Amino acid sequence: MKSKEIRLNQRPHGMPTPEDFNVVEVDVPDPQDGEITVKNVSLTVDPYMRGRMVDRASYVAGFDLSETLTGGAIGKIVESQNSDFPVGEYVESHLGWREAWTGSSRGVRKLGNLEAPPSAYLGVLGMPGMTAYVGLLDVGALKEGETVFVSGAAGAVGSAVGQIAKIKGCKAIGSAGGKEKVRHLVEDLGFDHAFDYRDGHLERQILEGAPQRIDVYFDNVGGSHLQAALNCMNPNGRLPLCGAISQYNATEAVPGPNNLAIAIGSQLTLKGFIVSNYNHLREDFIRDMTSWVNSGQLKYRETVFDGIDEMPNAFIGLFTGANTGKMIINLDD
């Protein structure tokens, strides 16, 4: 079996370009004792991957120029020398950015009977959904009746954050880029208020939807969004710091918020978090999120690219606003 795989041709400087990536074709070996061969059917690109393309120390190792990139993937076992992983089983792995692979089952999770399309397990029922769940309910310590503001609200994480807030009896406000995304948040997902951050004056737009100010700010963007949110917090507010996509492609140091002193007098809690440190909540997440999705309480949307060759374009699209909901690359099943 042949597999197309994607590697870095060079480390991106600023906004990634297609020329930063290289598509190679390799032979996929037959499985040996204890191994499986998986044909991927759905792949994901996520903003955090941009940090791994830089040669620096981080909470997860960076990509080497000589290796195939990795990321979340849903695949189907097509050959097996492991009785615990039979042919036909759908599995989740971190061996994305490739069409197929052979290897150990270590770190591979069986999905059992799928209760949603395979791609959903990379989005609302996968890492982004769990990020929203633990970030809002555990890190953000959400309480019924509070007001939540989430930036990047039309993305896979942000859209789930707002809907979980509504399910928990709270008010949800979101920012996004473009009128169609704003419409989607309010009309399709049930946000109480949404606005286009490109219209300017973030504080005014936040307070239009939250005249009583906000209790939880779920930060996916950083920069000016974080600064504006600090100016709009209620005392004892919480700010789960999930991402800072506004500066991932910066080529020089980005100034931080100049109003952090507000956190002292208002007794705010700002806490960064990594979703992989919250696996003790996975069963709760799977139970609740599956129930909410199946009941229609929580909706999701995907932006789909077809074929491994389109993966670099899908990744770049994360930083140009090309996606509403989860960015997915589907391969032939």
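Which β-α-β unit do E8, helix H3 and E9 make, a right-handed or a left-handed one? I looked this up in a predicted model. I found that strand E8, helix H3 (residues 156-167) and strand E9 form a right-handed unit.

**Entry 1: the next crossover.** I followed the chain onward from E9. The path runs through helix H4 (residues 179-188) to E10, and I recorded this β-α-β crossover as right-handed.

**Entry 2: pairing of E9.** I then looked at the two neighbours of E9. On the E8 side (residues 147-150), 4 bridges join the strands, which run parallel. Here I noted Thr147, whose bridge partner in E9 is Lys171, and Val150, which stands opposite Gly174. Strand E10 (residues 193-196) is likewise joined to E9 by 4 bridges, and these two strands also run parallel. In this pair I located Ala176 opposite Asp196.

**Entry 3: burial of E9.** Is strand E9 enclosed or open, and why? I find 5 of its 6 residues (171-176) buried, so the strand is largely enclosed by the rest of the structure. The cut-off applied for "buried" is under 20% relative accessible area.

**Entry 4: the sheet as a whole.** I traced the strand order of the open sheet, which has 6 strands: E10-E9-E8-E11-E12-E13, with parallel pairing. I identified E10 and strand E13 (269-272) as the edge strands, each of which pairs on one side only. Neighbouring strands of the sheet are turned by 15° against each other on average, direction ignored.

**Entry 5: helices lying across the sheet.** Helix H6 (residues 223-230) lies across E8, E9, E11, E12 and E13, and I noted an angle of about 155° to E12.

**Entry 6: H2 against H3.** I examined the packing of helix H2 (residues 127-139) on H3 and found an angle of about 45°, with the axes 8 Å apart. This angle makes H2 oblique to H3. The crossing of H2 past H3 is right-handed. On the H2 side, I listed Pro128, Thr131, Ala132, Tyr133, Leu136 and Leu137 in the contact. They meet Ala156, Val157, Ala160, Val161, Ile164 and Ala165 in H3.

**Entry 7: H2 against H8.** I turned to helix H8 (residues 282-295), whose axis comes within 10 Å of that of H2, with a crossing at roughly 105°. H2 is therefore roughly perpendicular to H8. H2 contributes Gly129, Met130 and Tyr133 to the contact, whereas H8 contributes Arg282, Asp284, Phe285, Asp288, Met289 and Trp292. I noted that Tyr133 also belongs to the H2 residues that meet H3.

**Entry 8: Pro117.** Where does Pro117 lie? I placed Pro117 in the loop between strand E7 (109-110) and H2. Its relative accessible area is 44%, so I recorded Pro117 as partly exposed. I also checked Pro117 against Ser42: the two are 75 residues apart in sequence and 9.7 Å apart in space, C-alpha to C-alpha.

Terms used. Residues are numbered from 1 along each chain as its sequence is written. This is a predicted model: local features need pLDDT of at least 70, side-chain atom pairs count only at pLDDT 80 or more; totals for chains, interfaces and linings use all residues. Side-chain values use heavy atoms; hydrogens and water are left out. Buried means under 20% relative accessible area, exposed over 50%, partly exposed in between (1.4 Å probe, protein chains only). Two strands pair if DSSP finds at least two bridges between them. A crossover is right-handed if, with the strands pointing away from the viewer, the path from the first strand over the helix to the second runs clockwise. Axes are lines fitted to C-alpha atoms, for helices over the stretch in contact, and angles run from 0 to 180 degrees between N-to-C directions. Angles under 35 degrees count as roughly parallel, over 145 as roughly antiparallel, 65 to 115 as roughly perpendicular and the rest as oblique. A crossing is left-handed if the near helix is turned anticlockwise from the far one by less than a right angle, and right-handed if clockwise. Contact means heavy atoms within 4.5 Å.
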